[in-house]
Amino acid sequence: MIRFGPYILKTLWRHRTRTLLTVSGAAVALFVYSFVGAVQEGLNRLASDQSHHRTLIVFQANRFCPSTSKLPEDYARKIEQMPGVAGAVPIKVYMNNCRASLDVVVFNGLPAEKLKATRQLDLSEGDWSTFEKQRDGIVVGQAVALRRKLKVGQKFSIGALTTSIAGIFTSPIPSEQNMIYAHLEFLQRIKGLNSVGTCTQVEVALTADANSDAVCRAIDERFRGGPISTDTRTRGVFQARAVGDLIELVGFVRLLGLACVALVLALVSTTTLMGVQDRIREHAILQTVGCTPARIFSFVIAESLIVCLVGGGFGIGAAMCALQFSGLALGTEGILIAFLPSLALAATGLAIAAGVGVVAGLAPAWQAANAEIVPALRTA
Amino acid sequence: MLVVDVDHVTKQFTKGEHTITPLRDTTFQMERGDFVSLMGASGSGKSTLLNLVAGIDRPTTGRITVAGQEITGLSRSRLARWRAEHVGYIFQTHNLVPVLTAYENIELPLLLLPLSRSERRRRVDVTLEAVGLADRADHYPRQLSGGQEQRVGIARAIVANPTVVVADEPTGDLDGETTGQILDLLQRLNTELGMTLLMVTHDLHAASVASRRYRLEQGQLIARESAVVAGSLT
């Protein structure tokens, strides 16, 4: 088969416009498929993080958007003293867009000492001491910095907020890379928000032996008669509720990705069939020379496979580059779903491209392999 | 030594409501080193007989044995493998693969045999030399004249040193001068290399270079300028 490699490649190059158009089609489809796959992976990552079951989020009862939840800041100190609680951090959330968006910027305001203690952030640029000294200082996730072209030392304004970038961090948790951290007090004093002494939510770390459901119930019970009632859930449940609408949407988009793959199947199959019909006589010559029907079959399958793999390879490669360098994340209600390239996604995409290549070639290959030689030699 | 043995072969096919019988109970044999020409009017069955001997068509009844192998019962795959080893086919219209160079066209049959790259190169070079196209190895069919294309076609047919070479009107598309060159080449293949050739032609002059000549009329094989031969024509 390898010996016939030059023949197969030259055959594809013979109708280069047709081949290149088909390759482009495959590239676009696999690009879309990979991109949608990255969204799905981001959602799965969010859902499968086991640490989300040992962390609780205390929110204001009957509030669903971070902009409307206002808990007294001292709730955190009170919660910290409850049984089963290892620590509690008041967090003020501020964002440029409460609804689902591809370019949502989310600020989380925490006391500086709690930020370093509760988050796995590694500053790649800037330093902590600058952040701690600057009242308006922020540390920016690498993905946001990339997307918004932010540099250390710059001022960054969004809405009523103007901040100074003290550092850019990386984190092993992909969604963190899309986050911006600020001082709690700074976010509480944003002009017009009137939220001094309040926070959006309290993040609660459980002790190793604590029952999360029992602690949730205890917290909500503790504040039932207070100025503001609470709604406490594990972080996993909290996030699932926040992105619930997105799950359906992403599922639908996933179907569109698969539809693109089906479209490529039809496209490659049609192109390969056209190629075979153009070469009925040539295949008859090859059979006369001594090529077996199985060999002719494999030639056609190889053509279809190459078109799909080359197109798919380009599409997947482009998608991986776009995911790597765009720093995109889908955000809703302060929850971020990071789109990231992954080897598994690329490998799955290539496997799908290969599968489509083989399946698309089956009918044309069967036709080519089973053509009778003598009538085929008489074709123009 | 008997190389081709066509034994009481009949070939029929249907066209619409009609049954056509281009060959009727034909018996025909060739010895190693024979150069046989087959003439006949269009539709007389000469190409059909050639295709049957080459193993690219199947008889309705009868048996065909070529190079000691009865080929009428072989599967398509086994028949293809057998052709790669034993048959060289020269087409009227050259039928070169347009995307391959002269060298690559000639190498095609060798790719199907268990030969090393260097052995393939050696054989192709020798064959290109034999057909006088050593300086055209890298040319594509569109860059060659009709006569040169046919010589590449002949080179492709003989490069694997097949047991029998069949030629279907090999000079049908060529001018007078080129026809002479091609016939001379075929004759040299027969006399100098001892190749067994079966050639179908319309051209009396072309037929005359063969050592044995036959005509096909109404499905019957007739020795040229002789009466109907019923039975073997060795």
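**Figure 1**

Figure 2. Strand β1 of chain B, residues 2–15, pairs with β2(B) in the antiparallel sense, and nine bridges link them. If you want one to look for, find V9(B), whose bridge partner in β2(B) is T26(B). β1(B) also pairs with β4(B), again in the antiparallel sense, over five bridges. There, D5(B) has T65(B) in β4(B) as its bridge partner.

**Figure 3. The hairpin of β4 and β5 in chain B.** Stay with T65(B) for a moment: it also stands opposite E70(B) in β5(B). Two bridges hold the antiparallel pair β4(B) and β5(B). The hairpin has two residues between the strands, and A67(B) takes a positive phi near 55°.

**Figure 4. The six-stranded sheet of chain B.** This open sheet runs in the order β6-β7-β8-β3-β9-β10 of chain B, and its pairing is mixed. β6 (87–90) and β10 of chain B each have a single partner strand, so one side of each is left without a neighbour in the sheet. From one strand to the next, the twist averages 20°. For a parallel pair, look at strand β3 (residues 35–40) and strand β8 (residues 196–200) of chain B, which share four bridges. In this pair, L38(B) stands opposite V200(B) in β8(B).

Figure 5. One is α5(B), which touches β6 and β7 (164–168) of chain B and makes an angle of about 170° with the direction of β6(B). Another is α6(B), which touches β3, β7 and β8 of chain B, with its direction at about 150° to that of β8(B).

**Figure 6. How α5 and α6 of chain B meet.** Helix α5 (residues 146–158) and helix α6 (residues 176–193) of chain B have axes 10 Å apart and pack at an angle of about 15°. That makes α5(B) roughly parallel to α6(B). Their crossing is right-handed. By class, the contact of α5(B) with α6(B) has five nonpolar residues, five polar and one charged.

**Figure 7. The hairpin of β9 and β10 in chain B.** Strand β9 (residues 212–217) and strand β10 (residues 220–223) of chain B run antiparallel and are joined by four bridges. E217(B) has Q220(B) in β10(B) as its bridge partner. Two residues come between the strands of this hairpin, where Q218(B) takes a positive phi near 50°. A word on confidence: among the elements of chain B, β10(B) has the lowest mean pLDDT, 80, while helix α3 (residues 102–111) of chain B has the highest, 95. Over residues 225–234 of chain B the pLDDT is below 50, and this stretch has 14 contacts in the model beyond near neighbours in sequence. Where pLDDT is low, the predicted coordinates should not be read in detail.

**Figure 8. Two helices of chain A side by side.** Helix α2 (residues 16–48) and helix α10 (residues 244–278) of chain A have axes that come within 9 Å and cross at roughly 160°. α2(A) and α10(A) are therefore roughly antiparallel to each other. The crossing is left-handed. The contact of α2(A) with α10(A) holds 17 nonpolar, six polar and two charged residues.

**Figure 9. Where chain A touches chain B.** Each chain brings 19 residues to the contact. On the chain A side, α1 (5–14), α11 (280–289), α12 (293–326) and α14 (373–377) each supply at least two residues. That side of chain A has 10 nonpolar, five polar and four charged residues. The model scores ipTM 0.91 and pTM 0.80.

Technical notes:
Residues are numbered from 1 along each chain as its sequence is written. Chains are lettered from A and ligands numbered from 1 in the order in which they are written. This is a predicted model: local features need pLDDT of at least 70, side-chain atom pairs count only at pLDDT 80 or more; totals for chains, interfaces and linings use all residues. Two residues are in contact if their C-beta atoms, placed from the backbone, lie within 7 Å. Ala, Val, Leu, Ile, Met, Phe, Trp, Tyr, Cys and Pro count as nonpolar, Asp, Glu, Lys and Arg as charged, and the others, Gly among them, as polar. Two strands pair if DSSP finds at least two bridges between them. pLDDT is the predictor's confidence in each residue, from 0 to 100. Axes are lines fitted to C-alpha atoms, for helices over the stretch in contact, and angles run from 0 to 180 degrees between N-to-C directions. Angles under 35 degrees count as roughly parallel, over 145 as roughly antiparallel, 65 to 115 as roughly perpendicular and the rest as oblique. A crossing is left-handed if the near helix is turned anticlockwise from the far one by less than a right angle, and right-handed if clockwise.
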